[in-house]
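Trainee: Could you help me see how the labels for a structure follow from the values? I would like to go through them one at a time.

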Amino acid sequence: MALMAILVEQVTAVGYFIFYALAFFAVLTVVVFVHELGHFLVARWCGVDIEAFSIGFGKEIGGFNDRHGTRWKFCWVPLGGYVKFMDDEDASSSGTGKSAEAMTEEQRAGAFHLKPIWQRAAVVAAGPIANFIFAILVFAIMFMTLGVRTTAPKVDKVLPDMPAAEAGIQAGDVIREINGTAIRSFMDLQRFVGTSLGQELKVTVDRNGQNVELIMTPRAQEFDDGMGGKAKRGMIGIQRAARPENYVERWPGPVEALWLGVKDTHFIIASTLGYIRDIFIGRQDTSQIGGLPHIAETTKQIIDISPQRIPYLIGAISVTIGLINLFPIPLLDGGHLMFYALEAVRRKPLGARTQEYAFRFGLALVVALMIYANVYRGIPVIATWFERLG
């Protein structure tokens, strides 16, 4: 009986693992599809001949051809996707495929790399932009259906020997502004302070109907990120007034929900760029750089704790993928846009040899980052998975 119980427990653990893995790949597939669909739709609008629309890499599992001759397919490695144009050599759209001289007049008309710069730039930028738009819509729908619960930015307790106490914050104060930005909820306050590590903040508080201006600098606090690593965030040392009268729950209409979606998208972009800036100036380390194992673990945690937050996870991943693709690294969308900008200034494209070396550098950099994020940083996360199965 003991042996049977152990076998049942192991089978159950494996079943849960498969469920979470499928959930993770489903989330990733949706986001990748949206990104590539952005490229596809604008390319089709610009008259580009599209050879393939692929979700995943490697050998094809299955697919179909549309009436324009584009092959829509799923492949065995579901960790990305691509849109391949008729004159591409490969999925990176490096432009070293068919030469113009070897094309017929009809082929030249549909060749991506022979299109005007603005059309090529529009096609490339459409992927990240689609991710941002998708995230805004997902956030908006979530806010309209699940509602928005906010807590007033009112201070209930001030912790001693922390920046808030040192600046003169008192219990009962209501935070109104930070650096000129209106604070409407305790979450707004947490977001602003958490991403302002080591930065001097000008805080306006309402104290018994009078505005009081104070200066404080959030202090770094290290905490366990739940994935085998450590993270830092700014803290000022206050606790909110968690009383019923300080809570507001409402269901915004479409316009307000869209605006809230824009604000959350902006927050994710700003906090990500702020984190990268803090790495370079020494305020943060690279411990929060994570890859697919971190996304998978986050998916599991949300499913376990708060499944209604899955739409927010999808939106957040969509924003992150869109932003990363805009980094000016050859091979990524941002690298292509950088080349087009140089081409516009020089009035001619960079030489084939220069582009080839740039793409090699971009490939090496992307591979190095993937190894760091998915292997080095992913090992502690993967280790926890085996511990659960064991």
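Trainee: Why is Arg 176 called partly exposed?

Mentor: This is a predicted model, and in it Arg 176 has a relative accessible area of 39%. Buried means under 20% and exposed means over 50%, with partly exposed in between. The value of 39% falls in between, so Arg 176 is partly exposed.

Trainee: And what makes Asp 206 buried?

Mentor: Asp 206 has a relative accessible area of 18%. Buried means under 20%, so Asp 206 is buried.

Trainee: How do you know that Arg 176 and Asp 206 form a salt bridge?

Mentor: Their closest N and O atoms are 3.5 Å apart. A salt bridge needs a side-chain nitrogen of Lys or Arg within 4 Å of a carboxyl oxygen of Asp or Glu, so this pair counts. Arg 176 is in strand S5 and Asp 206 is in strand S7, 30 residues apart in the chain.

Trainee: How do you know that S5 and S7 pair?

Mentor: S5 covers residues 174-178 and S7 covers residues 201-207, with four bridges between them in the antiparallel sense. Pairing needs at least two bridges, so four bridges are enough. One of the bridge pairs is Ile 175 with Val 205 in S7.

Trainee: What about S5 and S6, which have two bridges?

Mentor: The need is for at least two bridges, so S5 and S6 (residues 181-182) pair as well, and they run antiparallel. Ile 178 has Thr 181 in S6 as its bridge partner. The hairpin of S5 and S6 has two residues between the strands, and Asn 179 there takes a positive phi near 50°.

Trainee: Which order do the strands take in the open sheet?

Mentor: The order of the four strands is S6-S5-S7-S8, with antiparallel pairing.

Trainee: Why are S6 and S8 called edge strands?

Mentor: S6 and S8 (210-216) each have a single partner strand, so one side of each is left without a neighbour in the sheet. For S8, seven bridges join it to S7, and the two run antiparallel. Among the bridge pairs is Val 203 with Leu 214 in S8. Helix H5 (residues 186-194) packs on the sheet, where it touches S5, S6 and S7; its direction makes about 45° with that of S5.

Trainee: How many salt bridges does the structure hold?

Mentor: It holds eleven. In one of them, the side chains of Glu 343 and Arg 120 meet at 2.9 Å, N to O. This pair links helix H9 (residues 333-346), where Glu 343 lies, to helix H3 (residues 117-146), where Arg 120 lies, 223 residues apart. Both residues are buried.

Trainee: What makes Arg 219 and Glu 166 a salt bridge?

Mentor: Their closest N and O atoms are 3.2 Å apart, and the cut-off is 4 Å, so the pair counts. Arg 219 is in strand S9 (residues 219-224) and Glu 166 is in helix H4 (residues 163-167).

Terms used:
Residues numbered from 1 in each chain as written. Predicted model: local features only at pLDDT ≥ 70, side-chain atom pairs only at ≥ 80, totals over all residues. Heavy atoms only, no water. Contact = heavy atoms within 4.5 Å. Axes fitted to C-alpha atoms, helices over the stretch in contact; angles between N-to-C directions. Buried < 20%, exposed > 50% of the residue type's maximum accessible area, 1.4 Å probe, protein only.
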